[in-house]
Amino acid sequence: MKATNKSTAVELSWFRLSLLSYLRESHPDKAADRQFIASRGDAAAQVYSDIIKSGGSHDEAGEVASQTLYAGLHFSPYRTLVRILWDEFTDEIDPALAEGMAMELQPRLTGVFEKYTLSDDFADSQEYSLLYTELTGAIQTLLEDGIQ
């Protein structure tokens, strides 16, 4: 029987795969950062293991591991742009193309996002509507300038 490489098993951990899947959907700009994925995935796995070893339940361990895995990633600038394109620009941009357009627009709109303190609960804050409005205006300007 052929020996397996331990690092291959670790690289394919559930936590790393879960994070990678989430990043592809909500933070595609971070999905290629293998070190980030490995670090977060390993930290979540360690937290899970530590809680189980100390007598905690699988539910408790899973909840704390998820908090570790997704900390700082709940608010997604990319998903915010996709939502704006779907909600505000359906006449200008085919909804099927919104995700690709959001990828193209996100680097151009970094300055708008930098004006706000983005956190996991930012979408529930009063500032979110200000960001949404500012992004809508900035996207409109880019579209008028021929960015498509």
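**View 1. Surroundings of Leu 135 in the predicted model.** Leaving aside neighbours within four places in sequence, Leu 135 is in contact with Thr 80, Leu 81, Ile 84, Leu 109, Val 112 and Phe 113. Contact here means heavy atoms within 4.5 Å. This is a predicted model, in which local features need pLDDT of at least 70 and side-chain atom pairs count only at pLDDT 80 or more, while totals for chains, interfaces and linings use all residues. Residues are numbered from 1 along each chain as its sequence is written, and side-chain values use heavy atoms, with hydrogens and water left out.

**View 2. The largest nonpolar core.** This core has 25 residues, and those with the most contacts inside it are Leu 85, Leu 109, Leu 131, Leu 135 and Ile 139. At least two residues of the core come from each of helix H5 (77-88), H6, H7 and helix H8 (127-144). H8 gives the most, with eight residues. Apart from this core lies another, of eleven residues, including Leu 20, Ala 44, Leu 69 and Leu 73. A nonpolar core is a set of buried Ala, Val, Leu, Ile, Met, Phe, Trp, Tyr and Cys residues joined through side-chain atoms within 4.5 Å. Buried means under 20% relative accessible area, exposed over 50%, and partly exposed in between (1.4 Å probe, protein chains only). Helices (H or I, at least four residues) are DSSP runs, numbered from the N terminus.

**View 3. Trp 14 and Phe 15.** Rings of Phe, Tyr and Trp (its six-membered ring) pair if their centres lie within 6.5 Å; planes under 30 degrees apart count as stacked, over 60 as edge-to-face and the rest as tilted. By this rule there are eight aromatic pairs. The rings of Trp 14 and Phe 15 have centres 5.1 Å apart and planes at 85°, so this pair is edge-to-face. Trp 14 is exposed, at 57% relative accessibility, whereas Phe 15 is buried, at 12%.

**View 4. Tyr 22 and Tyr 70.** These two residues form an edge-to-face aromatic pair, 5.1 Å centre to centre with 65° between the planes. The pair links distant parts of the chain, 48 residues apart: Tyr 22 is in helix H2 (residues 14-26) and Tyr 70 in helix H4 (residues 58-70). Tyr 22 is partly exposed, at 22% relative accessibility, and Tyr 70 is buried, at 15%.

**View 5. A cluster of rings.** Phe 75, Tyr 116, Phe 122, Tyr 128 and Tyr 132 are linked into a cluster by ring pairs.

**View 6. Pro 107.** Pro 107 is found in the loop between helix H6 (98-105) and helix H7 (110-114). Pro 107 is exposed, with a relative accessible area of 57%.
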